[in-house]
Amino acid sequence: MRRALLATLITGAVVVPLSGATRPGIPAPAPAALAAPVTAATLDETYAAHRANAAEASRMAAAHGARERATADRAMADPARHFLSFDGRGAGLATEVFGDLAHADRVAVLVPGSDTSIDTYGRFRDAARALHERLTRQAPQDTGTAVVAWLGYETPATVSTTVTTPGRAEEAAPKLREFVRQLRAVTAGKGAHISLLCHSYGSVVCGRAASHLAVDDIALVGSPGTGADTAAALHTPARVWAARGSDDWVAEVPHVRLDLLGTTVGFGTDPVSPSFGARVFAAGTGGHSDYFRPGSTSLANLTRIVLGKTPEAPHG
C-alpha cells in the first residue's frame, strides 16, 4: 500500500499545469531532406529549408481547419527564425537557434519538460530568448554566444502515466546524444563550450543521455530526479549543477524509484540533496515555470554557468 501511495503522489506532483494538447490528426509534410550533415557553412541553407517546411505545414494545417496549429507553424516560418530541425507532424518537434551559432564560443542547449510541443512552444521559446538576451549583455567582449531550444523528443503529456516513468527519456536520450554530436561538428571551428540546461522532465532525459554527451556543464532545474542515485552515477566528465526555486512544487515530489508490476515509477534521489553530490546553486523564490524568467536569480546563475563563471550559492 505504501508503494502504491508513493506512486500516486508522484503521479500527482510531477504533472505540470499546462494546457496544450497534442494534435496527431493534423496533416504536415515530412521534415525537409538535407543533402549532407549540417556544418557552419550550410547553416543558412538549413534554416531556409526548415522555414519553407514550416510554411507548408501551416498551409496544410489551415486546409485541415486547424487554425491554432496553422498559426503556430506560420510563426515558425518567419524569415527571422532559425531552425536546425522542424517536424510539424503529430505534437511537433523543433530545434531553434538564437544567436550566431557558427561563431559562438559559448552555447547553451535547453531541454524542456512535459507537455512541450508546437502548440505550447511559446513558453519554451521565451525561456531561450530570455537566456540569450542576458548572455548577450553579460558575455565578455569578443565572446560569441548562442542558445539552442531543443524540442527534439516527444515530451510526456501533462496528465499521463508517462510523466512519472523513464520511457520517454530513454527514447529521447540517443536523439539528444546525436544532436550534441552534430552541434560539436557545427561549432568545431570555435571549439565551443556547451552547457546543457535541463528543466523538469528534461532533467530525466539529460540523466539518461549524460554518459555519452560531449558537454561541459549539465544544469538540472526543477528536477524530479534523474534516475541516478548520485551525480557520479551519471558517468559524465561534465560539471553537474542543480537548483530549485523555493516556491517550486517539485520539492513535494517523493524522490523515490519503485518497480511496480515491472514498470519503473519515479526518478530517485533529489538532485539538490547533499547525497546526490551536484554543485547546488541559488534559484531564488520562483516557482516551477520561473527558472528562465527575466530578472530572476535562477536566470542570472544559469547565465553565469554558461559563461564559465561561478554561480551564487543558495543562502542558508
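# Sheet, helices and loops

Colleague: Is Asp-142 buried or exposed, and what is its relative accessible area?

Modeller: Buried means under 20% relative accessible area, exposed over 50%, and partly exposed in between, with a 1.4 Å probe and protein chains only. Asp-142 is exposed, with a relative accessible area of 72%.

Colleague: What kind of model is this, and which pLDDT do local features need?

Modeller: Residues are numbered from 1 along each chain as its sequence is written, and side-chain values use heavy atoms, with hydrogens and water left out. This is a predicted model: totals for chains, interfaces and linings use all residues, side-chain atom pairs count only at pLDDT 80 or more, and local features need pLDDT of at least 70.

Colleague: Where in the chain is Asp-142, and what is its phi?

Modeller: Helices (H or I, at least four residues) and strands (E, at least two) are DSSP runs, numbered from the N terminus. Asp-142 lies in the loop between helix 4 and strand 4. Asp-142 is not a glycine, yet its phi is positive, near 70 degrees.

Colleague: In what order do the strands of the open sheet lie?

Modeller: Two strands pair if DSSP finds at least two bridges between them. The edge strands, each pairing on one side only, are strand 1 (83-87) and strand 10 (279-280). Eight strands make up the sheet, with mixed pairing, in the order 1-2-4-3-5-6-7-10.

Colleague: Which residue of strand 6 stands opposite Ser-195?

Modeller: Strand 5 and strand 6 pair in the parallel sense, over five bridges. The residue of strand 6 opposite Ser-195 is Asp-217.

Colleague: How many residues of strand 6 are buried?

Modeller: Both faces of strand 6 are covered, with Asp-217, Ala-219 and Val-221 buried on one side and Ile-218 and Leu-220 buried on the other. Strand 6 is therefore largely enclosed by the rest of the structure, its buried count being five of five.

Colleague: At what angle to strand 4 does helix 4 run?

Modeller: Axes are lines fitted to C-alpha atoms, for helices over the stretch in contact, and angles run from 0 to 180 degrees between N-to-C directions. Helix 4 (residues 121-138) lies across strands 1, 2, 3, 4 and 5. Its angle to strand 4 is about 165 degrees.

Colleague: Which elements do the buried residues of helix 7 pack against?

Modeller: Eight of the 10 residues of helix 7 are buried, among them Leu-299, Asn-301 and Ile-305. Helix 7 (residues 297-306) runs at about 150 degrees to strand 5. Its buried residues pack against strand 3, helix 4, strand 5, strand 6 and strand 7.

Colleague: What is the hand of the crossing of helix 4 and helix 7?

Modeller: Their axes come within 10 Å and cross at roughly 60 degrees, which makes helix 4 oblique to helix 7. Angles under 35 degrees count as roughly parallel, over 145 as roughly antiparallel, 65 to 115 as roughly perpendicular and the rest as oblique. A crossing is left-handed if the near helix is turned anticlockwise from the far one by less than a right angle, and right-handed if clockwise. The crossing of helix 4 and helix 7 is right-handed.

Colleague: Which residues of helix 7 make the contact with helix 4?

Modeller: Contact means heavy atoms within 4.5 Å. Helix 4 contributes Ala-130, Leu-131, Arg-134, Leu-135 and Gln-138. From helix 7 come Leu-299, Ala-300, Thr-303 and Val-306.

Colleague: How many nonpolar, polar and charged residues are in the contact of helix 5 with helix 6?

Modeller: The axes of helix 5 (residues 167-186) and helix 6 (residues 201-209) come within 8 Å and cross at roughly 60 degrees. In the contact, residues of helix 5 including Ala-169 and Leu-176 meet residues of helix 6 including Tyr-201 and Val-204. Ala, Val, Leu, Ile, Met, Phe, Trp, Tyr, Cys and Pro count as nonpolar, Asp, Glu, Lys and Arg as charged, and the others, Gly among them, as polar. By class, this contact has nine nonpolar, one polar and four charged residues.

Colleague: What is the relative accessible area of Ser-200?

Modeller: Ser-200 is in the loop between strand 5 and helix 6. Its phi is positive, about 55 degrees, although Ser-200 is not a glycine. Ser-200 is buried, with a relative accessible area of 2%.

Colleague: How far apart are the C-alpha atoms of His-315 and Phe-281?

Modeller: His-315 is in the segment after helix 7 and is exposed, with a relative accessible area of 70%. His-315 and Phe-281 are 34 residues apart along the chain, and their C-alpha atoms are separated by 9.2 Å.
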